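Below is a short briefing on one protein model. Keep the sequence and the 3D view open while reading.

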Amino acid sequence: MNWHQQNTDEAMQELGSSARGLSADEVQKRLLEHGPNELTETAKKTVFMMFLDQFKDFMILVLIAAAAISGIIGEASDTYAIIVIVVLNAVIGFVQEYRAEKAMQLLMKMSAHSALVIRDGNPVTIPATQLVPGDVVILETGRIIPADMRLIEAARLKVEEATLTGESLPVEKHVEPLPDENLPLGDRKNMAYKGTVVTYGRGTGVVTATGMGTELGKIATLLQEGEEVRTPLQKRLATFSRKLALAVLAICVAIFTVGILRGEPPLVMLLTAISLAVAAIPEALPAVITISLALGAKKMVAQNALIRKLPAVETLGSVTYVCSDKTGTLTLNKMTVEEVYTRGMLLPADKVEPGSNPELFTALALSNDANSDASGTMLGDPTEIALYAVAKLYGFDKKVLEQNFPRIAEIPFDSDRKCMTTFHSIPADSPFKAVGEGSCVSFTKGAIDVLLDKAASLVTTAGAAPFDGAELEKVNERMAADGLRVLGIAMRTWESLPTDLSPGYVETGLTILGLLGMMDPPREEAREAVRLCRTAGIRPVMITGDHPLTARSIATRLGILEEGDEGVMVGRELEQLSEDEFAKRVESIRVYARVAPEQKLKIIMALQDKGQFVAMTGDGVNDAPALKRADIGVAMGITGTDVSKEAAAMILLDDNFATIVKAVKEGRRIFDNIRKFIKYTMTSNSGEIWTIALAPLLGFPIPLLPIHILWINLVTDGLPGLALAAEASEKGIMERPPRHPTESIFAQGLGVHIIWVGLLMGAVSLLTQNWFLKTGQAHWQTMVFTVLCLSQMGHVLAIRSERESLFSQGILSNKPLAGAFLLTFVLQMATIYVPQLNIVFKTAPLTFGQLAVTLALSTVVFFAVELEKLVKRRRNPIQSG
């Protein structure tokens with residue numbers, strides 16, 4: 001039912017109600033039919049099941065299997081380490097999911113607790129849950145509207161609907177029917193909606209919907225139905241884990257089989273195969289990811305981005321679209337006078353000469369209900385604050401002026417007249433003498449089309465003179481086309497305060513002082529942030545509930561909308577498009593205006609269906625379903641509602657679009673470092689597998705004992721791998737396109753690198769084995785053990801950057817990694833030269849010559865990878881990283 005199209009009598013008749021309200025019997029019938037006026041929750045998972053779900057990830061299952069195997073073969077330390085990692089990850093995941101459930105509870109808190117209704121002809125206060133369709137509700141300033149309703153009376157009624165529609169200013173309400181069937185919520189000015197707040201005036205409405213049938217209820221439904229999408233990293237790791245588990249199983253079976261065929265002892269081969277399986281699984285990966293994300297989240301707080309869900313940190317690096325709200329994020333959320341038309345000239349506000357326009361600025365200061373407190377904070381209606389601020393900027397201080405021009409009467413604003421008038425006494429030296437004589441002046445401000453009908457003259461450089469209405473209308477249209485909200489201000493002098501203060505008498509014969517064009521201007525830093533987005537291959541999109549002209553103006557000024565881009569799509573047009581038609585256009589649209597909450601969801605899902613990764617910003621309750629559905633939901637810390645914050649993965653503490661771009665850079669750095677860890681650990685594992693697998697095929701004895709494999713796994717995967725999380729971002733990180741959402745974790749040469757460097761590592765180890773076997777060295781196994789361990793340490797130093805040489809980076813530019821390298825070297829030397837450890841590891845001290853050769857062979861991998869990076873730089877010298 002389109003209640004806004006019906007007049008008040010039709011609505012009352014349709015709802016079976018009257019000015020006397022409903023009877024007690026009728027209320028009981030309707031309560032049984034419609035249920036209580038409250039938001040209901042769907043069945044939720046228990047806390048225990050929520051915790052248990054954290055163990056379903058395939059990588060976690062592989063790690064649990066590795067822990068069990070480690071326990072069976074007697075490696076209790078590995079078992080404990082893996083269990084700690086698994087439980088830590090489960091706790092973090094559980095906390096994040098548990099917190100996400102709060103969004104619905106906060107939405108329920110927005111409902112009014114009580115309502116003032118008319119029943120059986122008498123006003124009575126009842127619990128808001130007892131409201132039914134057809135109830136007549138009395139609305140007063142400060143009350144939360146308890147249900148959706150068609151207004152039947154509105155006396156200067158204004159309602160704050162920002163949480164529901166995104167409209168930043170309170171909406172002036174009326175009772176007249178609206179003919180357009182498909183009006184967005186923000187334009188249905190004869191309706192009032194559950195959860196919004198009356199900020200001014202009074203009114204009466206008849207309830208049209210309650211509970212889950214209200215617009216707030218529809219948002220609750222979307223919020224509960226909406227699925228949270230998995231992050232790019234979670235998707236990539238799930239695929240990686242399955243492939244890794246199958247590969248490790250196949251390799252271990254093959255090695256065990258070859259060993260048995262060569263006559264190796266079955267128990268030794270079984271332990272070797274199992275040890276290799278444990279070593280091949282990068283059990284430190286979840287810990288590295290968690291630590292990387294936690295460090296990134298800590299860094300982001302300093303940049304005004306609060307991370308609520310850790311995986312969101314990395315998701316930012318994959319984002320291909322940033323869908324941003326306009327008000328407060330891309331703009332300052334502060335109405336500002338941008339242009340002034342006075343004395344025949346249209347000028348930017350900062351180019352107006354105040355000395356030649358004293359009447360205009362005095363009028364702006366005095367005909368105004370805004371003020372400032374002791375701290376200088378401006379208080380009042382946003383539009384009036386803008387006028388107050390521009391007058392004060394040019395030295396026309398309201399508090400000072402009021403001493404000479406005290407207000408003696410006023411006619412308040414109302415929606416029928418679309419203007420307000422104030423009366424002031426004037427001193428003998430008044431600047432208004434050029435316009436007319438008298439002891440009293442009235443200022444009238446309002447919509448320019450209204451003032452044109454009430455005016456007789458216009459202030460020009462020669463004083464008051466007749467004016468060309470058509471010319472002023474052109475100026476008005478030109479300012480409006482730039483997305484400005486245009487307001488006119490006029491005056492009239494009087495011999496004394498009129499006895500008849502009716503608008504029809506005093507708001508005539510006015511002299512127009514000027515026109516003012518206002519808007520919530522774009523943030524300066526947002527312009528640069530949009531440019532960075534485009535450079536980084538990210539497409540910024542504006543989604544707003546504001547007017548299309550305003551949206552276009554802001555988007556053009558910020559660089560979101562450029563020449564050749566598709567224009568602004570309004571919610572009404574979007575509503576009429578089929579899913580297939582919209583899918584064809586969604587990637588080319590840069591600005592959406594006048595959109596409803598479910599349409600934001602439609603935009604995000606259409607982009608996701610195209611394989612895009614979408615960040616969505618929002619601050620209202622209406623944004624919560626879209627924030628939850630987006631790949632990363634970004635809520636506003638200052639203006640955002642609690643509901644939007646709980647639905648989001650990240651909160652902007654400064655409500656600034658530029659902060660998102662900083663967070664994207666950090667997200668890219670974190671994913672790069674996770675990828676470096678995978679490159680490092682999987683290459684190390686590859687080297688161990690090649691060494692063990694190729695030795696029997698070449699006729700060599702098994703080069704490493706199970707304890708050697710487990711030791712290398714312990715000392716090289718742990719601290720050095722974790723230290724990679726501290727690596728700084730690559731040069732030019734924001735000058736490359738985002739990773740393709742479906743891109744494999746092994747893309748861009750990582751898989752090839754793992755194979756060829758692992759093969760080189762194995763070859764160097766086997767060369768060491770063969771050389772020292774042939775020369776009759778008794779301690780060849782100690783040398784192979786050391787070469788393989790230290791080759792991995794050389795590799796970790798070489799892969800700190802994809803392109804830059806370690807020699808230009810400096811080894812101390814990542815101090816944690818330098819420390820981890822030194823500690824690992826000392827521990828490895830201890831296994832060779834500490835007698836007690838010789839017994840445990842079956843090693844023997846090496847001579848100086850043997851150690852020197854071993855160390856030299858350990859550098860082969862490092863220099864090979866440095867050579868690979870040199871080739872990259874020479875092939876593509878322009879690319880920055």
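Is Arg156 buried or partly exposed? At 36% relative accessibility, Arg156 counts as partly exposed, since buried means under 20% and exposed over 50%. The model is predicted. The points below cover backbone angles, salt bridges, a sheet and a helix.

**Positive phi angles**

- Most residues other than glycine have a negative phi.
- Arg156 is not a glycine, yet its phi is positive, at about 50°.
- Arg156 sits in strand E4, which covers residues 148-160.
- Asn304 also has a positive phi, near 70°, and is likewise a residue other than glycine.
- Asn304 belongs to the loop between helix H11 (285-302) and strand E8 (305-307).
- With a relative accessible area of 32%, Asn304 is partly exposed.

**Salt bridges**

- The structure holds 33 salt bridges.
- In one of them, Lys173 pairs with Glu161, with the closest N and O atoms 2.6 Å apart.
- Lys173 lies in the loop between strand E5 (171-172) and strand E6 (191-192), and Glu161 in the loop between E4 and helix H7 (162-165), so this pair ties together parts that are 12 residues apart in sequence.
- Both partners are buried: Lys173 has a relative accessible area of 2%, and Glu161 has 0%.
- Arg594 forms a salt bridge with Asp187, where the closest N and O atoms are 3.3 Å apart.
- Because Arg594 is in the loop between strand E23 (589-593) and helix H23 (597-609) while Asp187 is in the loop between E5 and E6, the pair links parts that are 407 residues apart in sequence.
- Arg594 has 19% relative accessibility and counts as buried, the cut-off for buried being under 20%.
- Glu730 forms a salt bridge with Lys676, the closest N and O atoms being 3.1 Å apart.
- Glu730 is in the loop between helix H28 (719-723) and helix H29 (750-774), and Lys676 is in helix H26 (residues 657-697), so the contact ties together parts that are 54 residues apart in sequence.
- Glu730 is buried at a relative accessible area of 8%, and Lys676 is buried at 1%.

**An open sheet**

- Strands of a sheet pair through backbone hydrogen bonds, either parallel or antiparallel.
- An open sheet is formed by 8 strands, in the order E8-E26-E25-E24-E9-E21-E23-E22, with mixed pairing.
- E8 and strand E22 (566-570) are the edge strands, and each pairs on one side only.
- From one strand to the next, the twist averages 20°.
- Within this sheet, strand E9 (residues 321-324) and strand E24 (residues 614-618) run parallel and are joined by 3 bridges.
- Val322 has Ala615 in E24 as its bridge partner.

**Helix H30**

- Helix H30 covers residues 780-798 and has 19 residues.
- H30 reaches 27 Å from its first C-alpha to its last, close to the 27 Å expected at 1.5 Å a residue.
- Why is H30 described as largely enclosed by the rest of the structure? The reason is that 19 of the 19 residues of H30 are buried.

Methods
Residues numbered from 1 in each chain as written. Predicted model: local features only at pLDDT ≥ 70, side-chain atom pairs only at ≥ 80, totals over all residues. Heavy atoms only, no water. Helix = DSSP H or I, 4+ residues; strand = E, 2+ residues; numbered from the N terminus. Expected span 1.5 Å × (residues − 1). Buried < 20%, exposed > 50% of the residue type's maximum accessible area, 1.4 Å probe, protein only. Salt bridge = Lys/Arg side-chain N within 4 Å of Asp/Glu carboxyl O. Pairing = 2+ DSSP bridges. Axes fitted to C-alpha atoms, helices over the stretch in contact; angles between N-to-C directions.
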